[in-house]
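I opened a new notebook for this structure. These entries keep what I looked up, in the order I looked.

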Amino acid sequence: MPNLLLTGAAGFTGQHFTEAAQLAGYEVQPLIADLTDAKAVASEIAASAPDYVVHLAAISAITHMDEEAFYRVNLFGTQNLLKALAALPNAPKRVLLASSSNVYGNALLSPIDESTCPGPVNHYSISKLAMERLTCMFADRLAMVIVRPFNYTGVGHDARFVIPKLIEHFNRRALTIELGNLEVEREFNDVRTVCESYLRLLQLGQPGQIYNVCSGRPVSLKMAIDALKHVTGHEIQIKVNPDFIRPNEVHRLCGSPAKLEACIGKLQHPSLEETLRWMLLESA
């Protein structure tokens with residue numbers, strides 16, 4: 001049974017990925033050390049000697065108040081991880097690192113493919129792009145694949161994010177909800193499909209390549225709200241709060257899955273309504 005080292009195992013994606021990886025036959029070993037503690041990371045990795053590595057740990061909330069933390073964790077934490085892996089006598093067969101579609105910023109063309117020039121507009125996406133560039137320093141020693149997942153959600157997603165916030169309000173049949181820009185378009189894919197993509201890329205992804213993890217099916221926030229109204233039969237009053245509208249808002253994030261599918265094959269994407277029903281049921 002191959003040994004898979006997973007960072008961010010306790011997080012939203014990490015919990016779903018752990019379950020999917022175990023079902024696929026991996027022995028999942030969570031990284032316990034704090035990524036910002038280089039010595040602790042090196043010690044733990046030297047003892048584990050993983051066959052595969054999936055790096056999900058990050059500060060992912062764009063609204064996180066400590067701006068320097070984005071770089072301590074997302075950039076230098078990744079550097080500590082890669083240094084420790086590169087020092088192993090036998091390198092892992094594959095290292096998958098999760099970046100973000102946010103590195104594209106407000107791209108002029110849509111759907112966005114991997115050749116699109118990045119244009120990050122916040123500290124989160126800047127730190128992720130810096131992390132991508134950092135991998136070049138280890139490319140001669142580690143077989144790395146970078147993924148840029150577009151927006152996704154599912155059971156257990158933090159209510160700081162918009163879809164789980166909507167789920168919480170609809171489940172308790174709240175009369176009103178405060179939101180930001182209702183016209184932004186995102187893909188809102190299903191975390192289970194994202195995890196399946198990562199597992200396939202561990203075996204099929206080409207080292208040194210970047211892959212969008214996406215469906216190419218964007219919806220506006222208003223459409224997501226309408227879908228929840230249809231599923232629950234509940235009407236809710238939307239109040240637009242100007243404080244929730246970011247000055248550097250990315251208005252549309254829609255990716256091209258062509259490169260991903262050429263590598264790993266077609267994926268079965270649940271409809272948004274199916275994902276919403278799953279979330280409503282599990283959080284009721």
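**Arginine 200.** I listed the contacts of arginine 200, leaving out residues up to four places away in sequence; they are Gly205, Ile264, Gly265, Lys266 and Leu267. Contact means heavy atoms within 4.5 Å. Arginine 200 sits in helix H6. Helices (H or I, at least four residues) and strands (E, at least two) are DSSP runs, numbered from the N terminus. Arginine 200 is partly exposed because its relative accessible area is 24%. The scale I used calls a residue buried under 20% relative accessible area, exposed over 50% and partly exposed in between (1.4 Å probe, protein chains only). I also checked valine 147, 53 residues away along the chain; its C-alpha atom is 12 Å from that of arginine 200.

**How to read these entries.** The model is predicted, so local features need pLDDT of at least 70 and side-chain atom pairs count only at pLDDT 80 or more, while totals for chains, interfaces and linings use all residues. Residues are numbered from 1 along each chain as its sequence is written, and side-chain values use heavy atoms, with hydrogens and water left out.

**Proline 118.** Next I turned to the loop between S4 and H4, where proline 118 is found. Its relative accessible area is 22%, so proline 118 counts as partly exposed. Neighbours within four places in sequence aside, proline 118 is in contact with Val103, Tyr104, Leu129, Arg133 and Arg148. Glutamate 187 is 69 residues from proline 118 along the chain, and their C-alpha atoms are 18 Å apart.

**Helix H4.** Twelve residues at 1.5 Å a residue should span 16 Å, and the end C-alpha atoms are 16 Å apart, so the two agree. The expected span is 1.5 Å times one less than the number of residues. Which residues of H4 are buried? I found Tyr124, Ser125, Ser127, Lys128, Leu129, Met131, Glu132 and Leu134. The cover over these buried residues includes helix H3 (67-86) and the strands S3 (52-55), S4 (94-98), S5 (144-149) and S10 (210-213).

**Salt bridges.** Side chains of opposite charge can pair when their charged atoms come close. I counted a salt bridge where a side-chain nitrogen of Lys or Arg is within 4 Å of a carboxyl oxygen of Asp or Glu. The structure holds twelve of them.

- Arginine 172 pairs with glutamate 168 at 2.6 Å, N to O. Glutamate 168 is partly exposed because its relative accessibility is 37%.
- Lysine 266 pairs with glutamate 261 at 3.2 Å, N to O. Lysine 266 has a relative accessible area of 63%, so it is exposed.
- Salt bridges with shared partners join Asp66, Glu68 and Arg72 into one network.
- Arginine 72 is partly exposed at 38% relative accessibility, and glutamate 68 is exposed at 58%.

**Backbone exceptions.** Most residues other than glycine have a negative phi, and most peptide bonds are trans. I looked for departures.

- Serine 110 and proline 111 are joined by a cis peptide bond, with omega about 0°. Proline 111 lies in the loop between S4 and H4.
- Arginine 173 is not a glycine, yet its phi is positive, about 55°. I placed arginine 173 in the loop between helix H5 (162-171) and strand S7 (176-179). Its relative accessible area is 44%, so arginine 173 is partly exposed.
- Phenylalanine 188 also has a positive phi, near 50°. Phenylalanine 188 is in the loop between strand S8 (185-186) and strand S9 (189-190). Is phenylalanine 188 buried or exposed? It is buried, with a relative accessible area of 7%.

**Cavity.** On a 1 Å grid over the protein atoms alone, a cavity is a set of points where a 1.4 Å probe fits but cannot get out, and lining residues have an atom within 4 Å of a point. Grid points are joined across faces, edges and corners, and a volume is the space filled by probe spheres set on the points. I found one cavity of 30 Å³ or more. The largest cavity holds about 30 Å³ of space. Its lining is Asn189, Thr193, Val194, Ser197, Val213, Cys214 and His269. Helix H6 (residues 191-204) gives the most to this lining, with three residues.

Terms used:
1 Å grid on protein atoms, 1.4 Å probe; cavity = no way out; pocket = protein on both sides within 12 Å on 5 of 7 lines; lining within 4 Å.
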